[in-house]
Amino acid sequence: MPSGIKSIRNLWIPGIILLVLIALLIAVVFIGRDSNTLPSETDSSAPYTRLSPEVKDIRSLSVMKENQPLFSIIRNPLSGDAFRFSFANSELNNDERYFSDSEISELVTHLSEVRSNRSVSSEGRELSEFGLSSPLFTVSFESKTGEIVCINIGNKSPDKESVYVHVNNTGPVYLISAEYIDLMDIKATDLFDHEGLVISATEISRIRFHRKADNFYITAVPDDLLRETGYDGGFKIIEPIEYTGGDAFNRLAFNLLSITIDGYIGEGMEKFSDYGLDDPQYEYTIEKSDGSSVTVYFSEERSGNYFGYSDFLPGIFYIESNRISGNGMKVALIDCYYPYPLQLNISDIKRIISKFPEGDFTIDIDISSDSNFSDSETEIVLNGRDAKVRDGKGQYYFSLLYYAITEMRFSRIDPNQKMIREPDISIQIVYRNDEITLLEFSELTSGEYMVIIDHEYSGFIISSVEMYDGTDENPGVWYSYRLLSKALDGQINGTYDISVP
């Protein structure tokens with residue numbers, strides 16, 4: 001028995017030592033934690049207290065950093081209850097036209113949302129312990145009644161999630177989100193209007209665009225539908241050649257009517273040469289129906305941006321080049337136009353009369369707007385013969401000829417081209433209302449043709465492949481006619497099995 005008691009007593013000693021070590025460890029942990037926090041902090045579940053005036057009550061506010069002024073914002077009354085905030089700082093003497101009212105109002109809203117549900121007592125503590133004896137920032141609010149509220153902002157809390165603030169140098173020290181001090185980094189350029197230019201097509205009478213590098217210029221007017229709706233319809237180009245605008249120009253024009261500014265140059269506003277604006281490469285003018293106009297100048301593309309200036313905003317701004325969709329401001333002149341000499345629907349056509357040096361052919365068409373080639377009531381007649389012949393896959397040979405005629409594509413523009421020989425190809429379109437469009441083609445030595453519309457040179461040139469190409473991918477008019485004729489000669493019960501794309 002004595003030996004058993006001795007054994008138990010021997011176990012007490014290490015047990016006591018272990019308990020002492022645990023107690024010391026707990027003390028170290030708690031002492032260490034207390035050394036990183038301030039005493040008497042209120043429960044974070046407490047309701048929030050507003051420390052700043054509400055936006056509607058603010059007459060002005062100012063922000064200082066280490067007792068040096070950063071910026072100020074003043075409420076300027078307008079007529080009635082209307083008002084606008086104005087921003088000023090010591091960096092730049094900015095024109096008020098730069099600024100966005102909504103951006104400044106949003107900043108005032110954020111600055112006035114100083115709320116806290118945590119505080120610590122400052123009794124017996126120096127404000128320097130909170131970084132508040134020489135605050136990093138001071139935000140001062142003046143209310144409409146003349147009351148001044150100064151919020152001093154000190155150090156961040158140990159967890160870096162909050163900052164200490166003191167209101168009017170009295171009362172407790174509050175903790176607010178550390179994100180509040182990010183508002184102090186605001187620059188004048190951050191508040192500039194990024195909407196830039198927004199003009200409805202219903203407002204404009206014409207738009208002029210000039211590209212200096214290749215002396216590219218275009219003048220266009222909205223078509224009737226665009227004038228009425230502002231978005232349906234497109235543009236009619238009146239210079240250098242009067243003709244319907246194509247998709248590429250319509251995209252460019254709409255892009256230029258509505259510009260989102262990606263940024264402003266905050267320094268060197270007058271140093272246009274630094275941004276290629278002493279010799280701008282692009283210029284466009286929007287003339288409005290009320291007689292006013294807006295002109296915008298852009299540099300050549302630099303590092304994915306176009307730098308610009310305008311009479312609607314002072315100074316220099318820039319936009320990302322991808323804001324001008326498609327080929328943008330580098331679009332080719334020919335691509336700005338509707339690409340075909342004919343603009344029609346097959347249901348509007350009664351007859352097509354074609355004359356080539358190799359022979360002539362006439363097509364008579366009777367098809368309603370809601371029908372297609374295969375419908376039994378549709379009539380397609382070529383030189384007096386039923387032309388509704390198809391291949392083994394059900395594709396109609398006539399469709400090749402029809403699209404070869406109606407989708408002949410302009411290859412280039414040359415308004416100064418002189419006629420070398422009289423036209424020897426003609427395609428006459430007779431409409432159901434008996435109106436006529438006459439296309440004539442005068443051959444040039446380059447294997448191209450001048451396109452003459454209703455006896456007047458259009459200014460467009462077309463490639464000879466549009467007439468004679470024998471490939472299945474882009475069959476020319478005469479080739480397509482010969483293919484249809486061959487199918488009519490060899491067809492059995494309306495089918496002639498030649499592979500047709």
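Trainee: Is Asn250 buried or exposed?

Mentor: Please keep in mind that this is a predicted model. Burial is judged from relative accessible area, and a residue under 20% counts as buried. Asn250 has a value of 13%, so it is buried.

Trainee: In which helix does Asn250 lie, and with which residues is Asn250 in contact beyond its neighbours within four places in sequence?

Mentor: Asn250 belongs to helix α4, which spans residues 247-257. Once the neighbours within four places in sequence are set aside, the contacts of Asn250 are Gly234, Phe235 and Gly245.

Trainee: How many of the residues of α4 are buried?

Mentor: The count is 8 of 11, which means that α4 is largely enclosed by the rest of the structure. Among the buried residues of this helix are Ala248, Phe249, Leu252 and Leu257. The cover over the buried residues of α4 includes β11 (197-198), β12 (204-211), β13, β14, β16 (258-259) and β18 (282-288).

Trainee: How are β13 and β14 joined?

Mentor: Pairing is read from bridges between strands. Strands β13 (residues 216-222) and β14 (residues 235-239) run antiparallel and are joined by 4 bridges. Within this pairing, Val221 has Lys236 of β14 as its bridge partner. Strand β14 is also joined to β15 (residues 243-244), again antiparallel, by 2 bridges, and there Ile237 is partnered by Tyr243. A hairpin of 3 residues leads from β14 to β15.

Trainee: In what order do the 9 strands of the open sheet stand?

Mentor: The order is β25-β24-β23-β22-β27-β28-β29-β30-β26, with antiparallel pairing. Strands β25 (385-386) and β26 (410-413) stand at the edges with a single partner strand each, so one side of each has no neighbour in the sheet. Inside the sheet, β22 (residues 349-356) and β27 (residues 425-431) pair over 6 bridges in the antiparallel sense, and Ile353 stands opposite Gln428 in β27.

Trainee: What angle does the direction of helix α7 make with that of β23?

Mentor: The angle is about 75°. Helix α7 (residues 477-490) packs on the sheet as well, touching β22, β23, β24 and β25.

Terms used: Residues numbered from 1 in each chain as written. Predicted model: local features only at pLDDT ≥ 70, side-chain atom pairs only at ≥ 80, totals over all residues. Heavy atoms only, no water. Pairing = 2+ DSSP bridges. Contact = heavy atoms within 4.5 Å. Axes fitted to C-alpha atoms, helices over the stretch in contact; angles between N-to-C directions. Buried < 20%, exposed > 50% of the residue type's maximum accessible area, 1.4 Å probe, protein only.
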